[in-house]
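Hi everyone, thanks for coming. Please have a look at the sequence and the structure on the screen, and then I'll walk you through them.

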Amino acid sequence: MFYVKIKRDGVSVKAAIDVDNVFTECAGCGHEIPIDLEEMLKDENVDVVYICTPNSEHIKHIKMCMDYGKHVICEKPFALNAQEAQEL
């Protein structure tokens, strides 16, 4: 799960999370990047979360983001089956 830094139209990156820390080490956002998902979700400045974790983790991460009132963009599939999709 991560954010990409965009300096356009008032959008900026507030956090980046990467399983291997590859992205977080080279993101160069110019500020400290939290690597804990819950810490990131507690940040009131974070409005949208882009999820690109392994498919099996999508449902868990989407639910966490929604629990914190965040907008979610998730690569497909957002759920592995109909039951998971209905839970959302």
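**A walk around the chain**

Let's start at Glu87, which is partly exposed, with a relative accessible area of 41%. By that term I mean the range between buried, under 20% relative accessible area, and exposed, over 50%, using a 1.4 Å probe and protein chains only. Before going further, a word on where this comes from: it is a predicted model, in which local features need pLDDT of at least 70 and side-chain atom pairs count only at pLDDT 80 or more, while totals for chains, interfaces and linings use all residues. Residues are numbered from 1 along each chain as its sequence is written, and side-chain values use heavy atoms, with hydrogens and water left out.

Back to Glu87. Its side chain meets that of Lys63 in a salt bridge, 2.3 Å from N to O. This pair links distant parts of the chain, with Glu87 in helix 4 and Lys63 in helix 3, 24 residues apart. A salt bridge here is a side-chain nitrogen of Lys or Arg within 4 Å of a carboxyl oxygen of Asp or Glu. Lys63 counts as partly exposed too, at 32% relative accessibility.

How many salt bridges does a search of the whole structure find? The search gives two. The other one joins Glu57 and Lys60, with the closest N and O atoms 2.7 Å apart. Glu57 is partly exposed at 26%, and Lys60 is partly exposed at 44%. Lys60 lies in helix 3.

Now let's step back to the overall layout. The chain has four helices and two strands, in the order α-α-β-α-β-α along the sequence. Helices (H or I, at least four residues) and strands (E, at least two) are DSSP runs, numbered from the N terminus. Of the 88 residues in the chain, 30% are buried.

Which residues of helix 3 are buried? In this helix, residues 58-67, they are His58, Ile59, His61, Ile62 and Cys65. Seen down the helix axis, these buried residues fall within an arc of 165 degrees, so they line one face of helix 3. That arc is taken from the directions from the helix axis to the C-beta atoms. Here is a handy rule: an α-helix has 3.6 residues a turn, so residues three or four places apart point the same way.

And what covers those buried residues? The cover includes helix 2 (37-42), strand 1 (48-51), strand 2 (71-74) and helix 4. Just after helix 3, Gly69 takes a positive phi of about 75 degrees.

Next stop, Ile73, which sits in strand 2. Ile73 is partly exposed at 45% relative accessibility. Leaving aside neighbours within four places in sequence, Ile73 is in contact (heavy atoms within 4.5 Å) with Val48, Val49, Tyr50 and Ile51. The C-alpha atoms of Ile73 and Tyr50 are separated by 4.7 Å, although the two residues are 23 apart along the chain.

Let's finish on the surface. Met66, Val72, Phe78 and Leu88 form a nonpolar patch there, with about 320 Å² of accessible area together. Patches are made of residues with over 30% relative accessible area and no salt bridge; like charges are joined within 9 Å, and nonpolar side chains (Val, Leu, Ile, Met, Phe, Trp, Tyr) within 5 Å. Accessible areas come from the Shrake-Rupley method with a 1.4 Å probe, and for residues, only the protein chains shown count as cover. Leu88 is found in the segment after helix 4 (82-87), and its relative accessible area is 33%, so Leu88 is partly exposed.
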